[in-house]
Amino acid sequence: MNAPERFVDEPASPFLTPEHLAFRDMLRRFVTTEIEPFAAQWDEAGEFPRELYLKAASIGLLQLGFPEEYGGVPCDRFMSMIAAQELARAGAGGISASLKSHTIGAPPIVYGGSDELKARVLPDILAGRKISALAITEPGGGSDVASLRTTARRDGDHYVVKGEKTFITSGMRADHYTVAVRTGGDGAGGVSLLLIERDTPGFSRTPLKKMGWWASDTATLYFDDCRVPAGNLIGTENAGFKLIMKNFNSERLGLAAGCTGFARVCVEEAIAYARERKTFGKRLADHQVIRHKIVDMAQRVAATQAMLEMLIWRLEQGDNPVAEVCMCKNQATQTMAYCASEAVQIFGGAGFMRGPKVERIYREVKVNAIGGGTEEIMKDLASRQMGL
C-alpha cells in the first residue's frame, strides 16, 4: 500500500498561516513528550497529575483566546482548532476535557464578571495554578437548561444556594465553579450565574464512574445552603441564560474540532496496524476490503475538516451561522463514531483490548455525541434556525 495522502496526517489548509503551523508543531511535540506516553496509565488511574496544568500554561496552551490583561493570549479560532486537534493525538479525551475545562468555565467570567472578580480568579486559572469548571447540567434536567432547579436566594450581601449539578468535568478538583442557578421565576429569564469556590461551606462532591473519559474527574455537586458572596454574581441577575448560550457555541465548535482530530487518529492508527498485521499470508493492507474501509474513513475526515475550517473562517469574518455550528458538531461526532468503529474492526481482537488509542476513542464516542448539546438537540436547533 502506498503512503497515505498528506491530508490524513497534516492537512494543507489555505486558512493556516506560518504562525498557526509553528504553534501546531510546538504543541505536537508537547503532546508527544508530556501526554501520549502516559495516556493509558492516566486513563486507568482515573486522573492525571495536576502538574500538567502548569506545563500546559508554560507553552501558552491554557491562555489561548483569553484577554492579555489577565495573562491570556488573544488568538483566532484556528489556533483553538489546532489546540483541540493536537491534544486529540494522545487518543485520550478525558485528558483533553479536564485540561481545558477552563475553556467552558472561564469565558462567562470574562464576558460577565466584574473587574474585581476577573482580576481575582482569571490570572491563576490561565497560569495553571487553579482549575475552572462549568456546572449547568442537573440530575433531572440534561439539555433543558431553562428548566434548571438549583436555587440562589439573596440574603443580604450573599446568595444562599441549594441544589445539585451532575456530569461536571473537573468536578472533583476544580477550584472555581461557574454555576447556573435560579434567582428568578420559571424559564430562561430566571437564570443567573454564580462563581462558587471549592471550599464554600455546604458544598460537597461525589465522583462518577464513566464509560469513557476515565482520566477526566467527573462529579455530582451538592449545594446545601451554600453562602456565596453577592460579588461572585457573573453578569446581572436573571441574565445568565444568554451567557450560557454564548458559551455553548464555542464549546460545540471545540467539540467538533476535537472529534475530527480523534477521527483522524483512528485513520492513522488503522493504517499503521494494517501495514504491520498479517492474515492469510499477507498484510491487512493488501486486502481490498481493508483498503476500502480506510479510504471511507479518510474521506469522512477530510470532508468534516473542510466543513469545520470553512465554518471557522465564516465566524472569523463576523458571521454567526448557528445552524451550521450545530450541523458541524453533529458531522464531527458522527465521523468520529464511524472512524472509531471501523478502526476497532480493523484491529480485531487487539482493538477490544485496553491500551490502544482506538479502544479508548471508541469508548469516548458517546460523550461527544451528548456533551455540549445532544445530536437530537443540535438538529432541532438547526431546523429552527432554518425557519422550519
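## Basis of the model

This is a predicted model, in which local features need pLDDT of at least 70 and side-chain atom pairs count only at pLDDT 80 or more, while totals for chains, interfaces and linings use all residues. Residues are numbered from 1 along each chain as its sequence is written, and side-chain values use heavy atoms, with hydrogens and water left out.

## Overall fold

The chain holds 16 helices and ten strands (DSSP runs numbered from the N terminus: H or I of at least four residues for helices, E of at least two for strands). Its radius of gyration is 21 Å, close to the 21 Å given by the globule rule for 388 residues, so the chain is as compact as a globular protein of that length (taken over C-alpha atoms; the rule is 2.2 Å times the number of residues to the power 0.38).

Of the 388 residues, 53% are buried (under 20% relative accessible area, with a 1.4 Å probe and protein chains only).

## Annotated domain

The UniProt annotation "domain: Acyl-CoA dehydrogenase/oxidase C-terminal", from an unreviewed entry, covers residues 238-386; such annotations may be inferred rather than shown by experiment. Over residues 238-386 the chain is 81% helix and 3% strand, and the end C-alpha atoms are 28 Å apart.

## Positive phi values

Ser 170 is a residue other than glycine with a positive phi, near 65 degrees. Ser 170 lies in the loop between strand S3 (158-169) and strand S4 (176-182) and is buried, at 0% relative accessible area.

Trp 213, also not a glycine, has a positive phi near 55 degrees. The loop between strand S6 (203-207) and strand S7 (218-229) contains Trp 213, which counts as buried at 14% relative accessibility.

Notes
Buried < 20%, exposed > 50% of the residue type's maximum accessible area, 1.4 Å probe, protein only.
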